[in-house]
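Here are some worked exercises on helix packing, cores and backbone angles. Try each task on the model before you read its solution.

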Amino acid sequence: MENAQASRPDEFPVVPDLHWSPELELGDGRMDQTHEEMVEQVARLRALPHAEQLEPYRELVRHTVEHFAQEERWMIATGFNADNCHASHHETILDTMRQVETHFLQGDEEIIDRMAAALAEWLPMHASTMDAGLVQHMKNVKFDSHTETLEDPSLVKPATMSGCGSVSCS
C-alpha cells in the first residue's frame with residue numbers, strides 16, 4: 001500500500017481508505033467476517049467529523065478487544081504459548097488504541113483520525129502475515145473456528161509454538 005507524501009514535515013502521510021475486498025480474505029470464514037467488520041468500522045469512523053467520532057471509536061475498541069481475544073483463544077487451542085509474539089502484537093495495538101481516547105478527551109481532536117488511518121494501513125499487513133499464518137496453522141491442525149474445536153486433538157502439542165503463526169519471533 002503506497003501512501004501519498006505529506007506536503008510539510010509536520011503533517012502525517014495520507015492513508016487511502018480501506019475497503020473490504022477479496023484480496024483481504026484469508027480463507028477462514030469467521031476470521032474474514034471479523035476482519036470485514038473491522039474494515040467497515042474503520043471506514044465509517046474515518047468518514048465522521050471529529051465531534052461524532054468518540055462513540056464509534058469506543059465501539060471499534062470493543063470490537064478489537066473481542067477480535068483479538070477470539071484469535072488468542074484459537075492460538076491457545078492450537079498449541080501456541082500464551083505469551084506468543086502474535087498476542088503481544090495485539091496487546092501493543094490495544095494499548096495504543098486505549099490511549100487515543102484519553103488524548104481525544106484532552107483536546108487532540110485529530111487523534112482518532114490518525115489512529116483510524118494507522119489501522120487502515122496496519123490491518124492488511126497484519127492480516128497477510130500473522131493472521132494468514134494462523135489460518136494456515138489452524139488448517140494444518142484441523143481446527144474449526146466456528147465451533148472452536150479440533151477434529152483430531154492429537155495433532156496439537158499444547159503450548160509449543162511461540163512464533164507469530166507465520167514467522168518465528170526473536
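**Exercise 1. Describe how helix α2 packs against helix α4.**

Solution. Begin with the geometry: α2 (residues 54-77) and α4 (residues 111-140) pack at about 15 degrees, and their axes lie 13 Å apart. Axes here are lines fitted to C-alpha atoms, for helices over the stretch in contact, with angles from 0 to 180 degrees between N-to-C directions. The angle makes α2 roughly parallel to α4; the word covers angles under 35 degrees, while roughly antiparallel needs over 145. Next, list the residues in contact (heavy atoms within 4.5 Å). From α2 come L54, Y57, L60, F68, E71, W74 and M75, and from α4 come I112, M115, L119, W122, H126, D131, L134 and M138. Finally, sort them by class: 12 are nonpolar, 1 is polar and 2 are charged. In this scheme Ala, Val, Leu, Ile, Met, Phe, Trp, Tyr, Cys and Pro are nonpolar, Asp, Glu, Lys and Arg are charged, and the others, Gly among them, are polar.

A word on the ground rules: this is a predicted model, in which local features need pLDDT of at least 70 and side-chain atom pairs count only at pLDDT 80 or more, whereas totals for chains, interfaces and linings use all residues. Residues are numbered from 1 along each chain as its sequence is written, and side-chain values use heavy atoms, leaving out hydrogens and water.

**Exercise 2. Are α2 and α3 roughly parallel or antiparallel to each other?**

Solution. Take the axes of α2 and α3, which come within 10 Å and cross at roughly 165 degrees. The two helices are therefore roughly antiparallel. Now look at the contact, where α2 contributes residues including Y57, L60 and F68, and α3 contributes residues including H90, M97 and F104. By class, this contact has 14 nonpolar, 3 polar and 5 charged residues.

**Exercise 3. Which residues of the largest nonpolar core touch the most other members?**

Solution. A nonpolar core is a set of buried Ala, Val, Leu, Ile, Met, Phe, Trp, Tyr and Cys residues joined through side-chain atoms within 4.5 Å. Buried means under 20% relative accessible area, exposed over 50%, and partly exposed in between (1.4 Å probe, protein chains only). In the largest core, of 26 residues, the answer is Y57, L60, M97, I112 and L119. Then ask where the members come from: α1 (29-47), α2, α3 (85-105) and α4 each supply at least two, and α4 gives the largest share, 9 residues. For a closer look at L60, set aside its neighbours within four places in sequence; L60 is then in contact with M38, Q41, V42, L45, M97 and L119. Apart from this core lies another, of 12 residues, among them M31, L134, F143 and V156.

**Exercise 4. Is Q70 buried or exposed?**

Solution. First place Q70 in helix α2. Its relative accessibility is 8%, so Q70 counts as buried. Beyond its neighbours within four places in sequence, Q70 is in contact with R30 and T34.

**Exercise 5. Find where K142 lies and describe its phi.**

Solution. K142 sits in the loop between α4 and β1 (143-144). Its phi is near 60 degrees, a positive value in a residue other than glycine. Most residues other than glycine have a negative phi. With 42% relative accessibility, K142 counts as partly exposed.

Terms used. Helices (H or I, at least four residues) and strands (E, at least two) are DSSP runs, numbered from the N terminus. Angles under 35 degrees count as roughly parallel, over 145 as roughly antiparallel, 65 to 115 as roughly perpendicular and the rest as oblique.
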